[in-house]
Amino acid sequence: MLLPMLALPLVAAVVAITLHFGGYHKDPQFVPGEYAHGNQIRQALLEEKLVPPPPLPPSAFVDAVAEKPQLALDKADRDWSRMDPAFVQDVLRVMERMKARGFPMVLLEGFRSAERQNRLAGGSTKVTQAKGGESKHQYGLAADLAPVRGGKVVISERDPWAMQAYNALGEEAQAAGLTWGGVWSFRDYGHIERAGSLRALLSQRNKK
């Protein structure tokens, strides 16, 4: 009878070790409710909707319009509400990161009608190779941005500071999973758009 009695403490020790490493032992500092609450806060912050910045006055675009008359306010649409809402959030997040890098950006053009697209594609000065219906601008899935310096929109690619901004835009856009026009054969440094073929994107939209 002595051997079984001596074995009881050993069995108890084995059971205690098993329970501890089997996950039954809880760290008193670990509180599941607080952990879940922290996750909810983080998720809410991730889903927070960004608001487009207030529009710049027409005077801010004078130099840009002088270089590219097609950017005149009565021609280029800068209405954020006419763009795809999810894409707008992508663009605004990119703009926030650009501002943090010292390059505040402005929307030059968002939505573009098929008629305007055809005019830009067929004009004497080549602006785009895409015809009406072939550009993501027509579906609110593309945006043309430009940096702002001293309250003025700077679009000249001959300006070293502007080119630094455009290259930074390319980095931030690609990091966000967007397509940057600066890598195309027909360079469009201020252009960013939703990645993927237009046909696939429209198919996904129609399924929603």
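R112 is buried in this predicted model, with a relative accessibility of 5%. Its side chain meets that of E109 in a salt bridge, with 3.1 Å from N to O. E109 also counts as buried, at 2% relative accessibility. Because the cut-off for buried is under 20% relative accessible area, R112 at 5% falls in that class, and so does E109 at 2%.

R112 also belongs to the lining of the largest pocket, where R112, V127, T128, F186 and D188 lie nearest the centre.

**Salt bridges**

The structure holds 12 salt bridges. Three of them are listed here with the accessibility of each partner.

| Pair | N to O distance | Relative accessibility |
|---|---|---|
| R112 and E109 | 3.1 Å | R112 5%, E109 2% |
| E172 and R97 | 3.1 Å | E172 12%, R97 32% |
| R149 and D159 | 2.8 Å | R149 37%, D159 17% |

The side chains of E172 and R97 meet in a salt bridge. This pair links distant parts of the chain, with E172 in helix α6 (residues 160–175) and R97 in helix α4, 75 residues apart. E172 is buried, whereas R97 is partly exposed. Both residues belong to a network of salt bridges that links R97, R101, E171 and E172.

R149 forms a salt bridge with D159. R149 lies in strand β2 and D159 in the loop between β3 (152–153) and α6, so the pair ties together parts that are 10 residues apart in sequence. R149 counts as partly exposed, while D159 is buried.

**Pockets**

The largest pocket holds about 800 Å³ of space and is lined by 37 residues. β1 (105–109), α5 (114–122), β2 (142–149) and β5 (191–194) each supply at least two residues of this lining. The largest share, three residues, comes from α5. By class, the lining of the largest pocket has 13 nonpolar, 11 polar and 13 charged residues.

About 490 Å³ of space lies in the second largest pocket. Its lining is made of 20 residues, with P53, P54, M95, M105 and V106 nearest the centre. At least two lining residues come from each of α4 (85–100) and β1, and α4 gives the largest share, four residues. The lining of the second largest pocket divides into 17 nonpolar and three charged residues, with no polar ones.

Strand β1 contributes to the lining of the largest pocket and to that of the second largest pocket. Helix α4, which supplies residues to the second largest pocket, also carries R97 of the bridge to E172.

Notes
Residues are numbered from 1 along each chain as its sequence is written. This is a predicted model: local features need pLDDT of at least 70, side-chain atom pairs count only at pLDDT 80 or more; totals for chains, interfaces and linings use all residues. Side-chain values use heavy atoms; hydrogens and water are left out. On a 1 Å grid over the protein atoms alone, a cavity is a set of points where a 1.4 Å probe fits but cannot get out, and a pocket is an open set with protein on both sides within 12 Å along at least five of seven lines; lining residues have an atom within 4 Å of a point. Grid points are joined across faces, edges and corners, and a volume is the space filled by probe spheres set on the points. Ala, Val, Leu, Ile, Met, Phe, Trp, Tyr, Cys and Pro count as nonpolar, Asp, Glu, Lys and Arg as charged, and the others, Gly among them, as polar. A salt bridge is a side-chain nitrogen of Lys or Arg within 4 Å of a carboxyl oxygen of Asp or Glu. Buried means under 20% relative accessible area, exposed over 50%, partly exposed in between (1.4 Å probe, protein chains only).
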